[in-house]
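User: I would like to learn how to read aromatic ring pairs in a protein model. Please begin with the general idea and then turn to the case shown here.

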Amino acid sequence: GSGLRARALRQALGPTATNMTRVLAVVAWVLPTLALATESNDTSGTLLSDAASSYVTAADYQVLADAKTQVTKFCALTVTGGSAEIDKEAGREFLEAASGGEDNPIRKMTRADSPAEAIAVLEDINPAWVMSNAWPLAIVIVLAIIYYGGCFWCGIPQCQCCRCMAREKSSGMIYMIAVYASMIPVVVGFIVCTVWTMQAFSDMDAGMMTTTCAAAQLLQDVLGGNDVDKFIGLYPVVENFDTIVGYLDEDSQFVSDITAIIDKSEVVDLSFSITNASVVLLKEMMETDTNVNPTIPTNPLNLLHKCSFCLTVGQSLTPVITALNSGQAESLAKTRSEVKRQFGSDLKYFKRDLEAALSPVIDFKVLLTETLGFFVKPGNFDQVLEYVSGNDSALFFLLLYASLVFGLTMCCCARGMYVFQFKEKITTLHHEGNPYRTEPARMTCCAWNNAMIFAINMFFVGGILVALSAPLSGMCIVLEDFDYAMGAQMMKAFGMNMTGGSSENTLEIADVCLSIKSAPKYARQNKSKNLMDMVTVTEVDGRRTTLRDKVLAVSVDPINAQIDAMKATLGAAPATMSDNEGLVDLRAVFGDIDIKALILPTADAKKDSSYKDMLNYAGTAFGFATGLNCDNYTLPASISKFGMDASVSVRGVTELWEGYENLGTHANAQSNCADGTYVLESCTTSNSETTEAKNACIAANYFMSRLKATLLVSARWRCNVFQDPSDATGLTPCDVKDMYKDSNGVWHGHCLDAEGKSKVFERYCDLDTFNQYVKDWDKRLENVFQYLDDSVAYGTSVISEDMTNYVNNKIVNPIYTISDKFSCTFLGNFYASLVEGMCYQGIRGFANLGVSYVVFAIFGLNLALSTFVVYRRTYDNYTHWEDYEEEEDLDDDDVPAPAPLEDNRETEAPLSENRA
């Protein structure tokens, strides 16, 4: 499995792979082994997450802690209620208007079918669209030419431009009302634009906070994971990868648990050992010459009897032994041996492969941490935000500087207007010279020049902001409208290849994970957002398969295949041996048969000169078919399974005795079959009518006394059992017929020593004991095979269930759990927050700031024009009087002194009244 994963990793990290595919390939390679990193027996497969590991350092944890701190800091500063209070519909309408609607070149470029067509869009930009966004800059040029080229110089006394019709003028009520009426919009505009600017900054500030919060949240989720959105995170991957390496140590808890499970199934070996030993012992007892051809141990006399049925039974045990050796017990033994090998000597090679494979994962972790760690480290990016965010920031006061300048200009204008209306002329007694004050002209001159410069600057700054807001708003529209179709069209516009599966797969992932437009559709479809189900990789044969299927094929499927193969091996063998047909037949015949009835005379007995005359007399001829049973014996039906006729009745020794006992004189007063006393003293009675009868009597008497009586009384059979393991001397027998199972299901008396071995206890027995010994094999076989079946059932449960459950809990289920923790929901949340913060708030505030500045400029221009009118009147009145006095002095040097002051006051009074 590790070799396949390594090859898949090398292929995924090839030069044609995209960055996303490379990252996902690394994560996918880690997943199969990451599953081992859980010590819980819970079937949910919960992963361990320790506070430290060899590969995730304290510095890495500090980056994650910094990210969490920044999330807490910036997300707490976002608009109360979050994005739920953002009017997306109004924001969309604003962005549509700011971008220029369908004439926005950016939106047109997304519909281009080729790079050439996209370039043509830029070349064919609608001038009306340009002017709709750049007109404030055009006004700047016009005003600069007018002001700096002409009217600016009217403030210099030596310059007479823009001073046509200069004369002394009176200011009536209508004039003053008109002047003040022109000032009212300026005052209202100042208030509106100031509030507008503050609101625009508030939107920009909220946008910055929302975007910064989203970025910090993204880093936190990527590094530490997001349980709510079911994303595992990079650090947990690396942490658990580190844990895996430790788990693969030979003395690890994982290996110990596997070994313990294997050891629990040792009872299978024990039961198999005693069962096999018992069957082998039975076969030996049935085939040993002592039992097949019985004799007297101290006298090797041929007793001319044979237990042919014993040989038949011995031969019938061969298929039972074969079934035993090919059954579940043997399969379990092989399985236990293989598992021990895999978790023994082979484990170090797997660990070596994992340690070698960890390097690219660590490199990726280091790259990500070092690259993004700067932005969340306290004192870096957050310190920059302090200068641009908040009502106490430098940017806030910089933006309000325009209001401050405009306010000071209005104050200057107000002072000039006040003096102009109420104190334009000097009314002090004994004043000589020009009665007009210079202050109104100076104040209004300062006001209109500053207002004009303010208007030009604000048109310039606002125009730039308005001009930039158009493409920025267009990009926001594209970001919000992005879906699979737009992405495919944009790839055409940029000349990118769409025929490859990788490009289509990337667009599909972006559509499902990021697209705001497609989100409602996929929500209705309950579409999976798990990257494992969306990311596809190309197989060697060209087929594309999902990352989940790839991971399962590399990690879970081989494990399941091994488990299935193990179960198939166990399932192919008989579930139990107790119901084996051959065994059932043997037990049935053992339980029914009297083996002594089947120890019959051999063919050689008929040929023996001592006994052959029995054939010549009807009462003794059947003696060559008699067993060692005293009474006649009808064979049981179970014997038919062994090729014998169950309807046959085996004649006993008593019937043979009765067939010839009247041919002679009894040797014993009380003749008894069991004692072997069926013997005649002589065959000379009157019943010996013929020579054949007498000879038959003599032969039968020999047959009975030499063979039957010897077999019944003196012959010995082998009745071997096992040695009692508790007796070190080996002198105590142990018979498996005495095995028993207690109430807890534990078997006792299995005759096995501490090493699981048994030893044979050899012993001889008489006929009746041998007959019972053979009958008891029914119980012996029942006990050992039931012990085997119970052990196999338990061992099968341990191997195929306990071990399967353990492996599932440790490997399979965690892999499935981890696979389910690759949801891209957190990416969609980040993207939505990015659009909301950057577009609905930031860009909208940026555009509103530009518009507010342009409106400020318009009101500034209004202020400049209104103030210029007042300035002209005050300046002309003052300069006209000065010019008039100068001319009078040149023409009338001898003219008498002017009239008394009283007359002067009287003549000026009407003008003052008019001014009032």
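Analyst: A pair of aromatic rings is described by the distance of the centres and the angle of the planes. In this predicted model, where local features need pLDDT of at least 70, side-chain atom pairs count only at pLDDT 80 or more, and totals for chains, interfaces and linings use all residues, phenylalanine 770 and tyrosine 773 are 3 residues apart in helix α30 (residues 767-775), so about one helical turn separates them. Residues are numbered from 1 along each chain as its sequence is written, and side-chain values use heavy atoms, with hydrogens and water left out. Helices here are DSSP runs (H or I, at least four residues), numbered from the N terminus.

User: Are phenylalanine 770 and tyrosine 773 buried or exposed?

Analyst: Buried means under 20% relative accessible area, exposed over 50%, and partly exposed in between, with a 1.4 Å probe and protein chains only. Phenylalanine 770 is buried at 0%, and tyrosine 773 is buried at 2%.

User: How many aromatic pairs does a search of the whole structure find?

Analyst: The search finds 24, where rings of Phe, Tyr and Trp (its six-membered ring) pair if their centres lie within 6.5 Å, planes under 30 degrees apart counting as stacked, over 60 as edge-to-face and the rest as tilted. Among them, tyrosine 147 and tryptophan 448 have ring centres 5.7 Å apart and planes at 85°, so this pair is edge-to-face. Because tyrosine 147 lies in helix α7 (residues 127-149) and tryptophan 448 in helix α19 (residues 439-481), the pair ties together parts that are 301 residues apart in sequence.

Note on methods: Helices (H or I, at least four residues) and strands (E, at least two) are DSSP runs, numbered from the N terminus.
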